[in-house]
Amino acid sequence: PATGEPWASRFPSVDTRDQARSLWMLADAIGIDRFDLVTGGSLGGMVALEIAIERPRDVGHLLPIAAPAATGPMAIAWNHLQVRLVERLGLEGLALARQLAMTTCRSEADFEQRFGRGRGADERWEVVRYLDHQGEKLLGRFDPDTYRVLATAMDLHDVGRDRGGIRPALARLSAAGVPVTAIGIEDDVLYGPRQVRALVDEALAAGVDARYREIASTKGHDAFLVEWDQLTVLVREALNG
């Protein structure tokens, strides 16, 4: 506001709770007072958790996909490497960060099936060609500062922060009668089934009507973007109670 220029690297830190509160402000502004179902994958699943915990009596069902109650150290480590690449190398670093992220968003089985040890006419590995393409493609629709802000938001995700811990936070859902269906993804190395099951276990211990479901796929973390038939069944199950 003081300069009229974009915030860029000076943009303040934002977490998933901030994002959830912003969405509630939007909903209030346009006259939506209740969500029958709140869902999202990965970062979207983290925000969905915060949306429901912030105002549980205004949510009918919570369905986070491939999202933990709090971001773990391995994901924070990967984000650290990506952010450092962006900070030190600018746009080149953003492309490399995207390439690194793609190795965590897919699975070993997917890479093996799609690329194996294949090489092109120029002797470049097909998997490397794919990663280079993904890095270049991101440059056309993203910028380094946005990448940093969103990576930091994921690092800060913790539903138990300032709420007495994860279980007391989830107890808010129990008190409001909000059921939870948490979906894990087979071979997800970023926020895998173990982390999603841990969320369900904490929810059950807090008295929540919670259940675990799993997507079978070789696509790893990104399966929630492609396995539409399986997701349709799970979303319909949640909506039907």
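This is a predicted model: local features need pLDDT of at least 70, side-chain atom pairs count only at pLDDT 80 or more; totals for chains, interfaces and linings use all residues.

Me: OK, then where does R34 sit?
Reply: R34 is in the loop between helix 1 and strand 1 (38-41).

Me: Is R34 buried, partly exposed or exposed?
Reply: Its relative accessible area is 41%. Buried would need under 20% and exposed over 50%, so R34 counts as partly exposed.

Me: And what does R34 touch, leaving out residues up to four places away in sequence?
Reply: R57, D58, V59 and G60. With R57 there's something specific: the R34 side chain reaches the backbone oxygen of R57 at 3.1 Å.

Me: Switching to helix 1. What's the story with L26?
Reply: L26 is in helix 1 and is partly exposed, at 47% relative accessible area. L26 also belongs to a nonpolar surface patch with L23, I30 and I32.

Me: How much accessible area does that patch have together?
Reply: About 350 Å².

Me: Now the inside. Which residues touch the most other members of the largest nonpolar core?
Reply: I51, V59, L62, L170, L173 and V208, out of 36 residues in that core. The elements giving two or more residues to this core are helix 1 (16-29), helix 2 (43-54), helix 3 (73-105), helix 7 (166-176), strand 3 (180-185), helix 8 (193-205) and strand 4 (210-215).

Me: Which one gives the largest share?
Reply: Helix 2, with 8 residues.

Me: Pick L173. What is L173 in contact with, beyond its neighbours within four places in sequence?
Reply: A52, I53, P56, L62, V178, V180 and V208. Of those, L62 and V208 are also on the list of residues touching the most other core members.

Me: Which residues are in the second core?
Reply: That separate core has 11 residues, including L63, A223, L231 and A238.

Me: Last one, D222. Where is D222, and is D222 buried or exposed?
Reply: D222 is in the loop between strand 4 and helix 9 (228-239). Its relative accessible area is 11%, which is under the 20% cut-off, so D222 is buried.

Me: What does D222 touch, not counting residues up to four places away in sequence?
Reply: M102, C105 and R106.

Technical notes
Residues are numbered from 1 along each chain as its sequence is written. Side-chain values use heavy atoms; hydrogens and water are left out. A nonpolar core is a set of buried Ala, Val, Leu, Ile, Met, Phe, Trp, Tyr and Cys residues joined through side-chain atoms within 4.5 Å. Buried means under 20% relative accessible area, exposed over 50%, partly exposed in between (1.4 Å probe, protein chains only). Helices (H or I, at least four residues) and strands (E, at least two) are DSSP runs, numbered from the N terminus. Contact means heavy atoms within 4.5 Å. A polar contact is a pair of N or O atoms within 3.5 Å; within protein, one must be able to donate a hydrogen and the other to accept it, and residues adjacent in sequence count only if both atoms are side-chain atoms. Patches are made of residues with over 30% relative accessible area and no salt bridge: like charges are joined within 9 Å, nonpolar side chains (Val, Leu, Ile, Met, Phe, Trp, Tyr) within 5 Å. Accessible areas come from the Shrake-Rupley method with a 1.4 Å probe; for residues, only the protein chains shown count as cover. A salt bridge is a side-chain nitrogen of Lys or Arg within 4 Å of a carboxyl oxygen of Asp or Glu.
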